[in-house]
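The briefing moves from the chain as a whole to single residues.

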Amino acid sequence: MDVHEPPYLVRNDATQLAPGMCFSDEPGLYIQGEFGIRLEDCWYMTENGPKLFTALARSIEQPL
């Protein structure tokens with residue numbers, strides 16, 4: 001988290017999300033010394049809730 005700027009998409013961040021804010025949620029799976037994979041879910045807030053910039057992965061087997 002040291003290289004990211006707030007607000008953070010974590011339980012203890014009380015920042016209210018507002019229209020115009022953009023986010024990248026990057027879940028990943030990493031096995032040290034073997035491999036890693038990270039999916040980047042990019043979205044922005046609107047007056048009516050979040051909207052995606054990119055489609056979500058269907059599954060870990062079909063990330064694109």
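What follows is a set of notes, grouped by topic, on this structure.

The model is predicted, and its protein chain contains zero helices and five strands, which follow one another along the sequence in the pattern β-β-β-β-β. Two salt bridges turn up in a search of the whole structure, and Glu26, Arg38 and Glu40 are linked in a network of such bridges.

**Overall form of the chain**

- The radius of gyration of the protein chain is 14 Å, whereas a compact globule of 64 residues would have a value near 11 Å.
- Of the 64 residues in the protein chain, 11% are buried.
- When contacts between residues at least 6 apart in sequence are considered, 17% of them join residues at least 24 apart.

**The salt-bridge network**

- Arginine 38 and glutamate 26 form a salt bridge in which the closest N and O atoms are 3.4 Å apart.
- Because arginine 38 lies in strand β3 (residues 35-38) while glutamate 26 lies in the loop between β1 (22-25) and β2 (28-31), the pair ties together parts that are twelve residues apart in sequence.
- Arginine 38 also forms a salt bridge with glutamate 40, and here the closest N and O atoms are 2.9 Å apart.
- As for accessibility, arginine 38 is partly exposed with a relative accessible area of 45%, glutamate 26 is partly exposed at 27%, and glutamate 40 counts as partly exposed at 39%.

**The loop between β3 and β4**

- Glutamate 40 is placed in the loop between β3 and β4 (41-46), and, leaving aside its neighbours within four places in sequence, glutamate 40 is in contact with Ser24, Asp25, Glu26 and Thr54.
- Glutamate 40 and glycine 28 are twelve residues apart in sequence, and their C-alpha atoms are 8.7 Å apart in space.
- Leucine 39 also has its place in the loop between β3 and β4, where it counts as partly exposed at 25% relative accessibility.
- Once neighbours within four places in sequence are set aside, the contacts of leucine 39 are Asp25, Glu26, Pro27, Ala57 and Pro63.
- For one of these pairs, leucine 39 and aspartate 25, the C-alpha atoms are separated by 8.1 Å, with the two residues 14 residues apart along the chain.

**Leucine 29 in strand β2**

- Leucine 29 lies in strand β2 and, at 40% relative accessibility, counts as partly exposed.
- Apart from neighbours within four places in sequence, leucine 29 is in contact with Phe35, Gly36, Ile37 and Ile60.
- Between leucine 29 and glutamate 61 there are 13 Å in space, C-alpha to C-alpha, and the two are 32 residues apart in sequence.

**The largest pocket and leucine 9**

- The largest pocket holds about 380 Å³ of space, and of the 14 residues that line it, His4, Pro7, Tyr8, Leu9 and Ser24 are the closest to its centre.
- Sorted by class, the lining of the largest pocket comprises nine nonpolar, two polar and three charged residues.
- Leucine 9, one of the residues closest to the centre of the pocket, is found in the segment before β1 and counts as partly exposed at 41% relative accessibility.
- Not counting residues up to four places away in sequence, leucine 9 touches Phe23, Asp25 and Trp43.
- Leucine 9 and proline 19 are ten residues apart along the chain, and their C-alpha atoms are separated by 16 Å.

Technical notes. Residues are numbered from 1 along each chain as its sequence is written. This is a predicted model: local features need pLDDT of at least 70, side-chain atom pairs count only at pLDDT 80 or more; totals for chains, interfaces and linings use all residues. Side-chain values use heavy atoms; hydrogens and water are left out. On a 1 Å grid over the protein atoms alone, a cavity is a set of points where a 1.4 Å probe fits but cannot get out, and a pocket is an open set with protein on both sides within 12 Å along at least five of seven lines; lining residues have an atom within 4 Å of a point. Grid points are joined across faces, edges and corners, and a volume is the space filled by probe spheres set on the points. Ala, Val, Leu, Ile, Met, Phe, Trp, Tyr, Cys and Pro count as nonpolar, Asp, Glu, Lys and Arg as charged, and the others, Gly among them, as polar. A salt bridge is a side-chain nitrogen of Lys or Arg within 4 Å of a carboxyl oxygen of Asp or Glu. Helices (H or I, at least four residues) and strands (E, at least two) are DSSP runs, numbered from the N terminus. Buried means under 20% relative accessible area, exposed over 50%, partly exposed in between (1.4 Å probe, protein chains only). The radius of gyration is taken over C-alpha atoms; the globule rule is 2.2 Å times the number of residues to the power 0.38. Contact means heavy atoms within 4.5 Å.
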